[in-house]
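Please open the model in your viewer and keep the selection tool at hand. The stops below are meant to be taken in order.

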Amino acid sequence: MKYEIEDREGKHCLECGTSITYGRQDKKFCCSKCRNDYYNRRSHDHRIIEQRINAALNRNYSILKKLLDDGVTSATLSDLSEWGFRPESITGHGKVGRHDQYRCYEIRYFQSVNKIFGITFSPIRNTAPCSLTREREQ
Ligand SMILES: [Zn+2]
């Protein structure tokens, strides 16, 4: 490892902001405590974001499932919004003709400017990881 003693003006610890004046050129933290605190916080923040995304997807799924259970295949975005539905939380998107079709786990639906429609239960056919990639739908 290469250690240098030189002027490192402008390099600061990512955690506490202390000026870093020694150590490896790519040193990011003034001490191991700062490094641990920084990565622990980032990991914690990541888990919170993940929980929020999962909660939104689960809420959307519950709303869509309830609609299907009640025999309802369309709903206005304003009603959905009141129920806590978040249109941006999806597990898939594709084009079917001119229509945008979205998926929330195994429920599919189309969305226009003010409503969703054509809500259908549609089991996921393959076991590939579900993602936000475009799906090939017929
Ligand atoms: Zn520090």
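Predicted model: local features only at pLDDT ≥ 70, side-chain atom pairs only at ≥ 80, totals over all residues.

Residues are numbered from 1 along each chain as its sequence is written.

Select the strands, which like the helices are DSSP runs numbered from the N terminus (E, at least two residues, for strands; H or I, at least four, for helices). They form an open sheet of five strands in the order β1-β5-β4-β3-β2, with antiparallel pairing, where two strands pair if DSSP finds at least two bridges between them. β1 (75–76) and β2 (92–96) stand at the edges with a single partner strand each, so one side of each has no neighbour in the sheet.

Next, select 99–104, which is β3, joined to the antiparallel β2 by five bridges; His-99 in β3 is the bridge partner of Val-96.

Now select helix α1 (residues 32–69), which lies across β1, β3, β4 (107–111) and β5 (115–121) and runs at about 90 degrees to β4; such angles run from 0 to 180 degrees between N-to-C directions of axes, lines fitted to C-alpha atoms, for helices over the stretch in contact (C-beta atoms, placed from the backbone, within 7 Å). Of its 38 residues three are buried, so α1 lies largely in the open; a residue is buried if 20 or more other C-beta atoms lie within 10 Å of its own. Those buried in α1 are Asn-60, Leu-64 and Leu-67.

Finally, select Leu-64, which touches Cys-104, Ile-107, Tyr-109 and Ile-119, not counting residues up to four places away in sequence.

How values were computed:
Contact = placed C-beta atoms within 7 Å. Buried ≥ 20, exposed ≤ 12 C-beta atoms within 10 Å, placed from the backbone.
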